Amino acid sequence: MRQTIKVVGAGFSGLVTAYYLVKDGFNVRICEQSSRAGGLIRTMRTPHGLVETAANGVLNSARLEALCADIGVPLLPTRRDGRKRFIFRGKPRQLPLNISDVFNLGVRLAASAMSLRPRQFETIAEWGSRVLGKGATNYLLVPALGGIYAGDPERLSASLIFGRAALPDHLCTNRPARAKMRGTVAPTQGMQQLIDGLADHLKRAGVEFVFDHRAQAKASEPTAVCLSARSAAEFLADISPEVSHALRRIEMLSLVTATSFYAPEAGRLKGFGCLFPRDQGFRARGVLFNDCIFEGRGPAHTETWIFGGALDADVVNLSDQELAELIADERERFFGKHDPALDVQITRWPNALPHYSIELERILTTLPSPPTNIALVGNYLGRIGLGKILERAACVAEDFRNRGSSPNPGPQPGSPAGVGR
C-alpha cells in the first residue's frame, strides 16, 4: 500500500511538492489554512488588463517546461520588446555605467579573476566594492539585486545570493537544467493559470485538498512543510523546537506592488522594466512594463510599481490614495509627462519576503535537521524565486522516495531526463 505524505500549505511550493510526490508514487493530502490554493499568487482580470498580485512570470527551466506540458498549461516567452532592461541614472539606460566605471570594472575583474568567489559572511556591498568597484556596485549590482531580493546591500549575503553558502545536506536542491525556451515565461492567461492547472491535475491524480484547516504537526507523520518561515516555525514548535527557534529569527520584509493602467500611447519606453538606484531620488525600487513583457496583458498599457523592502518598511502603511499620488509623481519624473491613470490596483505583502542577509546565512548554515519524516520547502531556504522552489520540491520528493517509504513507481512522465533523478 502506498504511503500518504501530508503537504502543509497550498501555495506554489505546496502544489509543486505535491506534484513531484505524486510522480514518485505517493498518496498526498494537502492541508491549507486559507480557503484557496496559490498563496500570494493570484491573477485578477479587469477591463483594462491583467493584474498579478505576486510574480508576473518565472525563469524557465527544463523542469518547469516538463511540468507545464504535463498539466496542460501553455507558456509564453518574453516578447522581443520586453527583453530590454533599464536602470535609471539621470535617465533610463541599458548600461548605466560611465566610461570611468567601465574602465575601473575591467581593471578590477582582471586583477581579481582568482577571487570572485564571495567570502563567508561577506555582504553584497563588500563583495561589490572588492570585485566590481563603486560605480558598477551602485548602478548595476545593487539595483539589479534590489529588484529581486529587496534587501539592504550592507546586509545582503553574497554567498547566499551567488549560491556559494555552505548549506547543510538537508537543504539540498538541484541546479535548474536549461529549457528549450529561454528567459522569463508565463502562462498565457496569467500566473493563476499555473496554480489552477496544478490544482486540477492533482485532484485528477487523487490528491485530497483540505481547506480552512490548521494542520497539526506529528513527528511520526511524513510531512512536507511548505509554508513561510514564520508559519513553519509555528507549525514545528512542538515537534522540533530547535528548528522552530531558528526559523523565528528569520527577518521578513514587506512589499507593496501597484499595477497601474494607462492609455496605450502612454507606453513610451519599451522593455521589461526599469530599476532605480537609491541615490536617484525615487522611492520605488523599480517598475515593470507588463504589456511589453508578455502578450495579452492589455488592452491598456500596464505598469507594476514596486515599493518597500529592507530600506523602506514604512511604505506599506501608506493609504491607497497616498500610493496612487506617489506613483503619479514618480512616473511624471520618470517619463517627463503626466498621464492620467485609468485604474490602480494595489497589493500589500506584509512580511512576505525573507531578507537574504548575513544573519540568514548564519541561520541556514547551522540549521538543525528537522525530524526524519519532516521536510521543508520555501523561499527562505537559500534559494529564492519560483524556479528554485520547483527544484527544491523535486529534491524533497526524491528524498522521501529514497528513504524507502514507498514502492518504486518506475519512470514517470513529465520529468526531464537526468534532472533530480
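Guide: Strand β2 (residues 27–31) pairs with β10 in the parallel sense, over three bridges. Strands here are DSSP runs (E, at least two residues) and helices likewise (H or I, at least four), both numbered from the N terminus; two strands pair if DSSP finds at least two bridges between them. Within this pairing, R29 stands opposite E208 in β10. The model is a predicted one, where local features need pLDDT of at least 70 and side-chain atom pairs count only at pLDDT 80 or more, while totals for chains, interfaces and linings use all residues. Residues are numbered from 1 along each chain as its sequence is written, and side-chain values use heavy atoms, with hydrogens and water left out.

The two strands belong to an open sheet of five, in the order β10-β2-β1-β11-β17, with parallel pairing. β10 (208–210) and β17 (374–376) each have a single partner strand and stand at the edges, so one side of each has no neighbour in the sheet. On average, neighbouring strands are turned by 20° against each other, direction ignored. Axes are lines fitted to C-alpha atoms, for helices over the stretch in contact, and angles between N-to-C directions run from 0 to 180 degrees.

Helix α8 (residues 229–236) lies across β1 (4–8), β11 (223–225) and β17, and runs at about 145° to β11.

Now the nonpolar packing. A nonpolar core is a set of buried Ala, Val, Leu, Ile, Met, Phe, Trp, Tyr and Cys residues joined through side-chain atoms within 4.5 Å; buried means under 20% relative accessible area, exposed over 50%, partly exposed in between (1.4 Å probe, protein chains only). The largest such core has 92 residues, and F12, I30, L67, L198 and L247 have the most contacts inside it. Helix α13 (residues 386–402) supplies the largest share of this core, eight residues. Contact means heavy atoms within 4.5 Å. Leaving aside neighbours within four places in sequence, L198 is in contact with F12, L15, V16, Y19, L67 and I71. A second, separate core of 24 residues includes F86, A258, A266 and A284.

One of the contacts of L198, Y19, is buried, as is Y20. Rings of Phe, Tyr and Trp (its six-membered ring) pair if their centres lie within 6.5 Å; planes under 30 degrees apart count as stacked, over 60 as edge-to-face and the rest as tilted. This rule gives 14 aromatic pairs. The rings of Y19 and Y20 have centres 4.9 Å apart and planes at 85°, so this pair is edge-to-face.
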